[in-house]
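Morning, everyone. Have a look at the sequence and the structure, and then I'll walk through a few places in it.

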Amino acid sequence: MDFGLFYFANDKEDAGDRYRLLIEGAKFADTHGFASVWTPERHFHAFGGLYPNPAVTGAAVAAVTERVAVRAGSVVAPLHHPVRIAEEWSIVDNLSKGRVGIAFASGWHAADFVLRPEGYPTRRSGLIDTVTSIRGLWRQEPASFVDGAGETVDVTVFPPPVQSELPVWLTSAGNPQTFRDAGEMGAGVLTHLLGQGVDVLEKRIAEYRQSFRDHHDETEGDGHVALMLHTFIGPDRQKVKETVREPFSKYLASSFDLVIHAAKAAGANAVALDLKEMSPADIDFMVGQAFDRYFETSGLFGTVQDGLRMCEALYDIGVDEIACLIDFGVDTDEVLAGLVHLDQLGQAWREREPAR
């Protein structure tokens, strides 16, 4: 099981230094055997707003690294023309000498689609077709589109990418159909524990593996599952808890409205919350409950030994990579210092990792 770094939310740095954690963390990952650095696509919200375009941040990561994979987690495919996605990431593939990979998502927040309103109604149904189109463009296959004069023209993407095939994941918050779709199309899965427990994720991974095997030759393997986990590892469990409690609680509070929007967009009838009608005490209670759950069961928190127990549990259900989300509000210097302990966890895991 591999370890990567995942970036999403921190906006605490002063202007002119907002991307220090990204750049310094990427350099550390590159020189300490981490598998990947993931950056997302987020729009119009302080929660994740440092990352509106993962091709741009990916290019920055590519420029300061030599080995680590440069990945998007995730490109919101319906917000963009497939040619634009293929062009941008082909540039990053060249800058990185063939290290890019893209997780694709359908999107869920209607406000994001001010960038491309026509993509909202078909954001789910059109995702697979869009990814298929991008894969073809990546292979330098001409694709037909309508130009400004209303004529159908064939276009080919430049510059040609370094990799002959684009490594692809589908992003899922737990929808079983997305897992099955990823398996059918031979893509990986990028997921998280925000709306699903480890027991549910185990079922989803099993469905994904079966779908992959059903549609692909055994020489192609059975796919790749990357799991995003909020992460902070240190030498003392209680000190880690004290360090992360306030910033992670603020992080959870700032993200509640987005989580509720996401659940409603996914059709979750159980979500009937209106934050505007909740008292501060109710919100504090919710945040406290969420923090305790995440710290104990849904994050990579604590000591190296705590981390090894979580790694064993995730390995047993079929996770291939932990994408460690490190920028949830802890002071940047503390996060960077903590990467030493995360690296120790990675080394300890590699020494004891059993063969599948």
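Start with R67, which counts as exposed at 52% relative accessibility. Exposed is over 50% relative accessible area, buried is under 20%, and partly exposed is in between, with a 1.4 Å probe and protein chains only. Before I go on, the ground rules. This is a predicted model, where local features need pLDDT of at least 70 and side-chain atom pairs count only at pLDDT 80 or more, while totals for chains, interfaces and linings use all residues. Residues are numbered from 1 along each chain as its sequence is written, and side-chain values use heavy atoms, with hydrogens and water left out.

Back to R67. Its side chain meets that of E66 in a salt bridge, 3.4 Å from N to O. By salt bridge I mean a side-chain nitrogen of Lys or Arg within 4 Å of a carboxyl oxygen of Asp or Glu. E66 is exposed too, at 61%.

How many salt bridges does a search of the whole structure find? The count is 22. Here are two others. K27 and E24 pair at 3.5 Å, N to O. Both lie in helix α1, 3 residues apart, about one turn of the helix. Helices here are DSSP runs of H or I, at least four residues; strands are runs of E, at least two; numbering is from the N terminus. K27 is partly exposed at 34%, and E24 is partly exposed at 34%.

Next, R139 and E141. Their closest N and O atoms are 3.9 Å apart. R139 is partly exposed at 36%, and E141 is partly exposed at 39%. Elsewhere, salt bridges that share partners join R237, K241, E296, D306 and R309 into one network.

Now helix α10, residues 332-352. It has 21 residues. From first C-alpha to last it reaches 30 Å, close to the expected 30 Å. That expectation is 1.5 Å times one less than the number of residues. Where is the kink in α10 centred? On L339, at about 25°. The bend at a residue is the angle between axes fitted to the seven residues ending there and the seven starting there.

L339 is also one of the buried residues of α10. Others among them are L336, L342, D343 and W349. What covers the buried residues includes β1, α1, β9, β10, α9 and β11. At the start of the helix, a side-chain oxygen of D331 reaches to within 3.1 Å of the backbone nitrogen of D333.

On to the hairpin. Strands β5, residues 143-146, and β6, residues 152-155, run antiparallel and are joined by 4 bridges. Two strands pair if DSSP finds at least two bridges between them. F145 has V153 as its bridge partner in β6. There are 5 residues between the strands, and G150 in the turn has a positive phi of about 85°.

Last stop: S74, in strand β3, residues 69-76. Is S74 buried or exposed? Buried, at 9% relative accessibility. Its side chain makes a polar contact with the side chain of T171, at 2.3 Å. A polar contact is a pair of N or O atoms within 3.5 Å; within protein, one must be able to donate a hydrogen and the other to accept it, and residues adjacent in sequence count only if both atoms are side-chain atoms. Leaving aside neighbours within four places in sequence, S74 has contacts, meaning heavy atoms within 4.5 Å, with residues including T39, P54, F104 and L190.
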